[in-house]
Amino acid sequence: MNLHAMLARRAAESRPVRVALIGAGKFGTMFLASARTTPGLHVMAVADLDPERARRAFSATGWPEGHADANTAAKALRHGTAWITDDPHAAITAGGVDVVVEATGHPEPGLRHALWCLENGRHAVMVNVEADVLAGPLLARRFTDAGLVYSMAYGDQPALICEMVDWARACGLEVVAAGKGTKYLPEYHASTPDTVWGYYGLTPEQAREGGMNPKMFNSFLDGTKSAIEMAAVSNATGLAVPTAGLNFPPVGCDDLAKRLKPEADGGLLAEAGVVEVVSSLNRDGSAVPRDLRWGVYVSFRANGDYMARCFGEYGMATDGSGRYGALYRPYHLIGLELGVSVASAALRGEPTGQCHGFTGDVVCIAKRDLKAGEVLDGEGGETVWGRLMPAEDSVAAGALPIGLAQGVPLTRAVRKGDVVTRGAVTLDRDSLAVRLRHDMESALAAAPPEDIPGPP
């Protein structure tokens, strides 16, 4: 609540929080747009495999011409400008950097960059939720042991959901469900990069002109991204994962309290205390009134008659019993809000959400009949989609995490709709992602987080 004042103080003292941004894609570019007018922040280095893309990001977001022309990190530090490089290690280890924003979106490099932050005493803000779900709980423990912050990215939906869960629990409310909205129909699970644009009402040519990545947009559509984000929320809050995966019920803002409650009380949930994603479309394809497609929510239950009476006295929309309520936020602004995480890490030493335990996982489901010898193409591809699963069940089944499915050959056939197991693929045992995932499973054993309280 006082981050702006703290940043302004750092600006007045000429001691800005210095940031290295890894990845100048959409999220990173949005952060540059907000950082330009945020006092007390100095984007000192930007690393991207295409340095010219980083320069275009500075230009597109209104930075003065020449601001990103520093040819060394030392020069950028001295003059308050930005150094652009294609070497993420150099950016992370540059003298003066306080916080690193990892925004590549790829698990293997994301985990490597996080380890470099750990080795060099840098706080890490992980826009890369794919890496966070794959091995983040293990890294969070290592960062904490080192006195460093490992954080979710504010502005992205998982961190905003975690904030709402924390608010409810700090108010003594029982959290019943928490999650986000999306556009969903069951047929979307079979979508591929070749078919995705039709679901968005675009032609492939229009998508190319807009610089849209078909695999990324397909991950949003086929349910994988929703599963990854809800696994992150589960691992950060201790909320349970539905046993059969996300149900994507069609629910609008006005019905959150009425429908996101246990079946025993007339709702849609098998139990209280879970993550769930609501759809902006009814199953017949019609629009849900006042949908939550771009937003996040938490539903909760009063802890007694007096609290329930207060709900009514202060105009809260509740279910028929008056005991269930909900709070929602209709929008999230992605990278434009990321500065909250950077400031919180550097000035408060606190994450804006962090995976503490291993309660939720995202496993590969075959989109079609797959043959031995085929190579999986990972998140948003044409071979598999990611389904949310309780971590305990995932480990017991030997399921292949979606974060390990890029470029992996199948050793045997898998039928459409079946879980792809690790026994059905050849994994690179020397891969950093494979090793860290193994270490995390060994260390956490799919156990719930001990230091995160469950519902009151």
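Which side chain does R329 meet in a salt bridge? Its partner is E337, with 2.6 Å from N to O. Please keep in mind that this is a predicted model.

**R329 and E337**
- R329 has a relative accessible area of 24%, so this residue counts as partly exposed.
- E337 is buried, because its relative accessibility of 11% is under the 20% cut-off.

**K367 and D222**
- K367 pairs with D222 in a salt bridge, and their closest N and O atoms lie 2.9 Å apart.
- This pair links distant parts of the chain, as the two residues are 145 residues apart.
- K367 sits in the loop between β11 (360-366) and β12 (375-377), while D222 sits in the loop between α11 (214-221) and α12 (224-237).
- Both K367 and D222 are buried.

**R290 and D254**
- R290 and D254 also meet through their side chains in a salt bridge, at 2.9 Å from N to O.
- R290 belongs to the loop between β8 (274-279) and β9 (296-301) and D254 to the loop between α12 and α13 (256-259), so their pairing ties together parts 36 residues apart in sequence.
- R290 is partly exposed, with a relative accessible area of 47%.
- D254 is partly exposed too, at 44% relative accessibility.

Technical notes
Residues numbered from 1 in each chain as written. Predicted model: local features only at pLDDT ≥ 70, side-chain atom pairs only at ≥ 80, totals over all residues. Heavy atoms only, no water. Salt bridge = Lys/Arg side-chain N within 4 Å of Asp/Glu carboxyl O. Helix = DSSP H or I, 4+ residues; strand = E, 2+ residues; numbered from the N terminus. Buried < 20%, exposed > 50% of the residue type's maximum accessible area, 1.4 Å probe, protein only.
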